[in-house]
Amino acid sequence: MDGTASVEGIVGRRPTIDRAELARLVEAGMSVQALAAHFGVSESGVLQAKRAAGLAKPQMDHSGALPWTLSRAHAQSGPATNLRNLSAAAQGGRVAPERLNTALRWARRLVEQGLDVAYDPEAGFTEVPASPSGSHVAKVLESATKAVEAG
């Protein structure tokens, strides 16, 4: 033999994830990466198994805070991240304190200066004068602030 392992008998057989064991390990706080290694599957496989077992947290809807279709280049920009963090806070999600403070400071600065954000798929986010009918950032900030104060 040349030292290479044979995969006969393995091809075509998918690893299985025991739901009870998965639930126990998720409850213990094991990461998706660690679960994938433990069960011998991809991270995507773990996420699918968690959803099928009812163990996945429902995803938050940030469409109110980010009503635009963002280009990939702008999805992780400062304004997009800040709006997502404010949205998560408004929905009762956990946001790291430093990220939430950054988002709150950013939004408060815009509101105090009478500014809002506009989005263009080519140019990205820009700061613009707030509309007399109301500021998008002010609305998102208000929702987040109420939730954090109630928290």
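Predicted model: local features only at pLDDT ≥ 70, side-chain atom pairs only at ≥ 80, totals over all residues.
Is Lys146 buried or exposed? At 53% relative accessibility, Lys146 counts as exposed, since the cut-off for that class is over 50%.

The side chain of Lys146 meets that of Glu142 in a salt bridge, at 3.3 Å from N to O. Both residues belong to helix H6, which covers residues 136-150, and they sit 4 residues apart, about one turn of the helix. Glu142 counts as partly exposed, at 45% relative accessibility.

The count of salt bridges in this model comes to 2. The other partners are Glu127 and Arg109, whose closest N and O atoms are 2.6 Å apart. Glu127 lies in strand E2, residues 124-129, and Arg109 in helix H5, residues 97-112, so this pair ties together parts that are 18 residues apart in sequence. Both residues are partly exposed: Glu127 has a relative accessible area of 42%, and Arg109 has one of 30%.

Trp106 is found in H5, and with a relative accessible area of 11% it is buried. Which residues does Trp106 touch, leaving aside those up to four places away in sequence? They are Pro79, Asn82, Leu83, Val117, Glu127 and Val137. As for Pro79, it stands 27 residues from Trp106 in sequence, while their C-alpha atoms are 8.4 Å apart in space.

Trp106 is also a member of the largest nonpolar core, which holds 22 residues. Those that touch the most other members are Leu83, Leu86, Trp106, Val117 and Phe125. Two or more residues come from each of helix H4 (78-90), H5, strand E1 (115-120) and H6. The largest share, 6 residues, is contributed by H5. Val117, for its part, touches Trp68, Leu83, Trp106, Leu110, Phe125, Thr126, Val128 and Val137, again without counting residues up to four places away in sequence. In soluble globular proteins, nonpolar side chains tend to be buried together.

Apart from this core lies another, of 8 residues, including Leu25, Val32, Phe39 and Val46.

In helix H2, residues 32-39, the buried residues are Val32, Leu35, Ala36 and Phe39. Viewed down the axis of H2, they fall within an arc of 100°, so they line one face of the helix. Their cover includes helix H1 (19-27) and helix H3 (43-52). Just after H2 comes Gly40, with a positive phi of about 70°.

What are the buried residues of H3? They are Val46, Ala49 and Lys50. Seen down the axis of H3, these too lie within an arc of 100°, and they therefore line one face of that helix. They pack against H1 and H2. After H3 comes Gly54, whose phi is positive, near 75°.

To close, I would set two lysines side by side. Lys50 is among the buried residues of H3, whereas Lys146, with which I began, counts as exposed and forms a salt bridge with Glu142.

How values were computed
Residues numbered from 1 in each chain as written. Heavy atoms only, no water. Salt bridge = Lys/Arg side-chain N within 4 Å of Asp/Glu carboxyl O. Buried < 20%, exposed > 50% of the residue type's maximum accessible area, 1.4 Å probe, protein only. Arc of directions from axis to C-beta. Contact = heavy atoms within 4.5 Å. Core = buried A, V, L, I, M, F, W, Y, C linked by side-chain atoms within 4.5 Å.
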